[in-house]
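Hello,

Here is the structure we talked about handing over. My notes on it follow below.

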Amino acid sequence: MGCGCGGLAGLTGAFAEKDLKLLDMARKNEYAVSCHPHSLKLNGSDNGWACDGRKAEGGCLNKCTDFHQTKGWARYRCDQCDYDLCDKCCAKNLAL
Ligand SMILES: [Zn+2]
Ligand SMILES: [Zn+2]
């Protein structure tokens, strides 16, 4: 019987390149996405923002259709363009 401690090494080795990239994005709080020319930052303000994924084909993955529907959602934002994505739309478009 094994000691049960061999699994961890295997797990670490399974980290794909995109996982490392995602960790790097999280560390810098700069999320590069394919649907916007600038990287987005996780933003805590909850001021009735709307997910700009609603304008994309298929709409917002969290079903946001207008302002004031995003209370409590994670917000990924480009300040200079006033561009916001929810967590699902950001994850879908991450440039990994
Ligand atoms: Zn969205
Ligand atoms: Zn921008």
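**Notes on the loops and the strands**

Lys63 is exposed, because 12 other C-beta atoms lie within 10 Å and a residue with 12 or fewer counts as exposed. Please keep in mind that this is a predicted model. Lys63 sits in the loop between β1 and β2. Its phi is near 65°, a positive value in a residue other than glycine.

Asn29 also has a positive phi, of about 55°, although Asn29 is not a glycine. This residue belongs to the loop that runs between α2 (17-28) and β1. Asn29 counts as exposed because it has 12 C-beta neighbours inside 10 Å.

Now the strands. β1 covers residues 41-43 and β2 covers residues 75-78; the two pair in the antiparallel sense over three bridges. One contact to look at is Lys41, whose bridge partner in β2 is Arg77.

β2 also pairs with β3 (residues 83-86), again in the antiparallel sense, here over four bridges. On this side, the bridge partner of Arg77 is Asp84 in β3.

β2 and β3 form a hairpin, with four residues between them. In that turn, Asp82 has a positive phi of about 55°.

Regards

Methods: Residues numbered from 1 in each chain as written. Chains lettered and ligands numbered in written order. Predicted model: local features only at pLDDT ≥ 70, side-chain atom pairs only at ≥ 80, totals over all residues. Pairing = 2+ DSSP bridges. Buried ≥ 20, exposed ≤ 12 C-beta atoms within 10 Å, placed from the backbone.
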